[in-house]
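I opened the notebook to write down what I looked up in this structure. The entries follow the order in which I checked things.

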Amino acid sequence: MSVRHERPRSVDRRVRVQGRPVNSCPSLPPEAGRGTVRRVTVVGEEVLSRACREVAEFGTPELSGLIDDLFLTMYVADGAGLAANQVGVDLQLFVYDCPDDDGIRHVGHIVNPVLDLPDPGSRRLVDDFEGCLSVPGAAMAVPRTDRAAVRGFDKDGEPLVIEGTGYFARCLQHETDHLVGHTYLDRLSKQDRKDALRQMQERREDVFAQREIKAARLSQ
């Protein structure tokens, strides 16, 4: 049998902002420059364990301001995504700045997202380490599908579909979990959950200290 040589897949490696390729995007997007750092909620707080409310009004200064604050808070905490209830606001909204399997950076926000996963017959589960800004200092292996999409809206009410592979697909699943009142701890065995909480207790103060240092640096 002869060797089959396939032409390499051409990939548009430009940054995706709100799902669309752009020629450039600063490491700290404009939203973060307008934002204010908020306190990140920690597992055990009630707002993290209940389903969030749908956003009913689009195009408001309050919604835009929340998105700005989420972006800055996410960068201060070295996150790849952040949901509104992680800053104590029970609305269906999250922001993200995350690479996919091809190393392409995805930046944006989505309101009232609905998660779409591949059919059971075609999905592939990947076990990979996952952390959470609301479980500071802990990381555990969590099975997630290698592809995912979310359907929702931007802050002005325009429909959006955001698709992801690899780590970005994991991010989309992780953040939509938050909006229905779940953290990745809910996907762990009892023993693994106990281990994650132990990690958090041991490391959380160091994590909080690093966030304070970064917040001070970004505010200069």
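Entry 1, the whole chain. What percentage of the 220 residues of the chain count as buried? I found that 46% of them do. I note that this is a predicted model.

I then checked the overall dimensions. Along its principal axes, the C-alpha trace spans about 60 × 45 × 35 Å. I compared the radius of gyration with the rule for a compact globule: for 220 residues the rule gives a value near 17 Å, and the chain has 18 Å, so the two agree.

I looked up the accessible surface of the chain, and it comes to about 12000 Å². Carbon and sulfur atoms account for 49% of that surface. The chain carries 30 positive and 35 negative charges, and I noted that their mean positions are 3 Å apart.

I counted four helices and nine strands. Reading along the sequence, I wrote the pattern down as β-β-α-α-β-β-β-β-β-β-β-α-α. I also looked at contacts between residues at least 6 apart in sequence, and 68% of these join residues at least 24 apart.

I picked E4, which covers residues 93–99. How many of its seven residues are buried? I found six, and the strand is mostly covered.

Next I looked for the strands that pair with E4. Strand E3, residues 81–83, is joined to E4 by three bridges, and the two run antiparallel. Within this pair, leucine 82 stands opposite valine 95. Strand E5, residues 105–116, is joined to E4 by seven bridges, and these two also run antiparallel. Here I noted that aspartate 97 has valine 107 in E5 as its bridge partner.

E4 and E5 form a hairpin with five residues between the strands. In this hairpin, glycine 103 takes a positive phi near 75°.

Where does glycine 79 lie? I found it in the loop between helix H2, residues 61–76, and strand E3. Leaving out residues up to four places away in sequence, I listed what glycine 79 touches: Met74, Asp97 and Leu133.

Last, I checked glycine 79 against histidine 182, which is 103 residues away along the chain. Their C-alpha atoms are separated by 18 Å.

Terms used
Residues numbered from 1 in each chain as written. Predicted model: local features only at pLDDT ≥ 70, side-chain atom pairs only at ≥ 80, totals over all residues. Heavy atoms only, no water. Rg over C-alpha atoms; globule rule 2.2 N^0.38 Å. Buried < 20%, exposed > 50% of the residue type's maximum accessible area, 1.4 Å probe, protein only. Contact = heavy atoms within 4.5 Å. Areas by Shrake-Rupley, 256 points an atom, 1.4 Å probe, with all protein chains shown as cover. Lys, Arg positive; Asp, Glu negative; His and termini not counted. Charge placed at Lys NZ, Arg CZ, Asp CG, Glu CD. Pairing = 2+ DSSP bridges.
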